[in-house]
Amino acid sequence: MVNLRAYRRFFVVAYQFLPLLLAYARDRRRFLLFGGRRRVDSETRRRRARALLDSMLTLGPTFIKLGQLLSTRPDVLPPEYVEEFESLQDNVPPAPWEGAKRVLEEDLGPIDERFAAFDTEAISGASLGQVYLATVDGREVAVKVRRPGVEDLVEADLKVIRFSLPLLMRFVDDARSFSLETLADEFDKTIREEMDYERERRMLEDIKANFADEPQIRIPGVLESHSTGRVLTMEYVPGTKISRIADLDSLGVDRTALARRLQEAYLQMLIVDGTFHADPHPGNLAVQDDGTLVFYDFGMSGRVDEFVQGKIVQFYGAVARQDIDDILDTLIELGTLSPDADRQLMSDIMELAIQDARGEDIEQYRVNQIVSQVEDTLYDFPLRLPANLALVLRVATVVEGVCVTLDPEFDFVDVATDYLREHGFIEQGVRDYVEERAEQVQESTRSAIRTPPKLEEALDRVNRESLAVDAKIVDEERVFDRLARRLVLGLLLMGTLLSTAILWAFSDPIAAAVSAGGSVVALGLLYRSFRRRRGIRATPQFTRQNLRQRREE
């Protein structure tokens, strides 16, 4: 039954996405299968992103979740798409009460017997579930119920995505192909986990225990007697939505301290605890009257292994020291940056990104300098995102947006550095740094002892004129090939022009015309060799500063 539904869904999805896929293919090849690239401006991309967003809303829960996930993947989509998808909130009209009632009674029994009171109007609706208010033993509780029938729809849509993946691979390069495969694996795992309310309960209880000694952080408790794989009953904890700045100000909440508390909470989850809440958009964060930070909805959550935790610490430490080489090494070790990337170019980008993150002014000439080298965004860089880091990236990007909303001058680097220092991570990093430098000094000393005899031997060979030098020229950009081709075409053009002139002088117009045709072909090929441009020809928008400026405009 699921397979039959998947086949039907495949045609529905194809109807929605095929026009956009063909447009993308035409951008890569002017005539679909051959020809050069077309120049695609930012407004065209934004228009297509909105069309894709409408298609995802039309296709329902699975693709709404997919859009949310894509909003955190700059390695898969251009920035215009990422920006548009950021507005995709998991907020859809709730399913009819009768369907939710059937799920509740199948899992818990008669509602009147299990709950003292139950409000049948949902207080929130999401793509996979909806939440109701109820009363149990005199306590107000929030009851999260899986949307009826969503399992079959998700299974069918996941099959459609798997069917479509080989087709999509034909339209992308190797780096994007890697990212698409990891995205598909991650999405399959994430959406299945989010439908499993028993897993959500376990993750919620683990994270609640980790913050048991933090009075300024509140996580709802779980009512196990009223929870199953499709129903999750929690204590009801009201609060003001964290993005309602005016309401927070009226409560007298220190927004800078709140932003710091939020980032430090996620640093603890990622670096210390290894278990983290992975969906920190404003709808899942609230603030109580005394400034206590409240977390909701642990359906999207994850775990971080010790290796990734260590690399996160190394990354933040490198950013704090502004050690660009260490940042790039960390990204390569994490598998997010290709070892073949242009390090000098990536160093320039990272330096600007750090300046932007710290709110420092960026000289426009430096931006223009990099623009001349990189003709698109991070989307076209040699970046890729392994599945085990995708949720971590989601947390980092979404928390950043929330913190900037609370305090436009918030300095992420300073907060992270202070946290690492307070918990002893940076000091350990300094010791490691000193040890590495000591090893380098020892190696340099050994080299200094070994070098003079070798240098004397080399000079003796030069003196005897018996030194041979074997040089190998690395021409990754094929510069010599292009120069040779142009030289041959130039000689051919000169030869055909000379032949044309001679044949015309000897009154042989047919032969002269043939020779002139050859001259035109040679001239066209030579002209094309100088006009051909490699890479993407679009306007770069790779810093948050640029994105903020565009939003303000």
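This report walks through some helix packing, salt bridges and surface features of the structure above.

The model is predicted: local features need pLDDT of at least 70, side-chain atom pairs count only at pLDDT 80 or more, and totals for chains, interfaces and linings use all residues. Residues are numbered from 1 along each chain as its sequence is written, and side-chain values use heavy atoms, with hydrogens and water left out.

**Two packed helices**

Let us begin with a pair of helices. Helices (H or I, at least four residues) and strands (E, at least two) are DSSP runs, numbered from the N terminus. Helix α2 spans residues 42-59 and helix α3 spans residues 61-70; they pack at an angle of about 140°, and their axes are 6 Å apart. Here the axes are lines fitted to C-alpha atoms, for helices over the stretch in contact, and angles run from 0 to 180 degrees between N-to-C directions.

Which residues of α2 and α3 meet? From α2 come M56, L57 and L59, while α3 brings P61, F63, I64, L66, G67 and L70. Contact means heavy atoms within 4.5 Å. Sorted by class, the contact of α2 with α3 holds 8 nonpolar residues, 1 polar residue and no charged ones. In this sorting, Ala, Val, Leu, Ile, Met, Phe, Trp, Tyr, Cys and Pro count as nonpolar, Asp, Glu, Lys and Arg as charged, and the others, Gly among them, as polar.

**Buried places**

Is D157 buried or exposed? D157 counts as buried because its relative accessibility is 0%, where buried means under 20% relative accessible area, exposed over 50%, and partly exposed in between (1.4 Å probe, protein chains only). D157 sits in helix α7, residues 150-169. Apart from its neighbours within four places in sequence, D157 touches R9, T62 and F63.

Helix α4 (residues 79-86) is mostly covered as well, with 7 of its 8 residues buried. Those buried in α4 are P79, E80, Y81, V82, E83, E84 and F85.

**Salt bridges**

The whole structure has 24 salt bridges, each being a side-chain nitrogen of Lys or Arg within 4 Å of a carboxyl oxygen of Asp or Glu. The table shows some of them.

| Pair | Closest N and O atoms |
|---|---|
| E194 and K65 | 2.6 Å |
| K144 and E200 | 3.1 Å |
| R192 and E155 | 2.4 Å |

E194 forms a salt bridge with K65, and this pair links distant parts of the chain, with E194 in helix α8 (residues 174-195) and K65 in helix α3, 129 residues apart. E194 is buried at a relative accessible area of 5%, and K65 is buried too, at 3% relative accessibility.

K144 pairs with E200. K144 lies in strand β4 (residues 139-146) and E200 in helix α9 (residues 197-210), so the pair ties together parts that are 56 residues apart in sequence. K144 counts as buried at 11% relative accessibility, as does E200 at 1%.

R192 forms a salt bridge with E155; this pair links R192 in helix α8 to E155 in helix α7, 37 residues apart. R192 is partly exposed, with a relative accessible area of 36%, and E155 counts as partly exposed at 25%.

Elsewhere, a network of salt bridges links E43, R46, R50 and E84.

**Out on the surface**

To finish, L487, L491 and M494 make a nonpolar surface patch of about 350 Å². L487 is found in helix α19 (residues 479-505) and is exposed, with a relative accessible area of 56%. Patches are made of residues with over 30% relative accessible area and no salt bridge: like charges are joined within 9 Å, nonpolar side chains (Val, Leu, Ile, Met, Phe, Trp, Tyr) within 5 Å. Accessible areas come from the Shrake-Rupley method with a 1.4 Å probe; for residues, only the protein chains shown count as cover.
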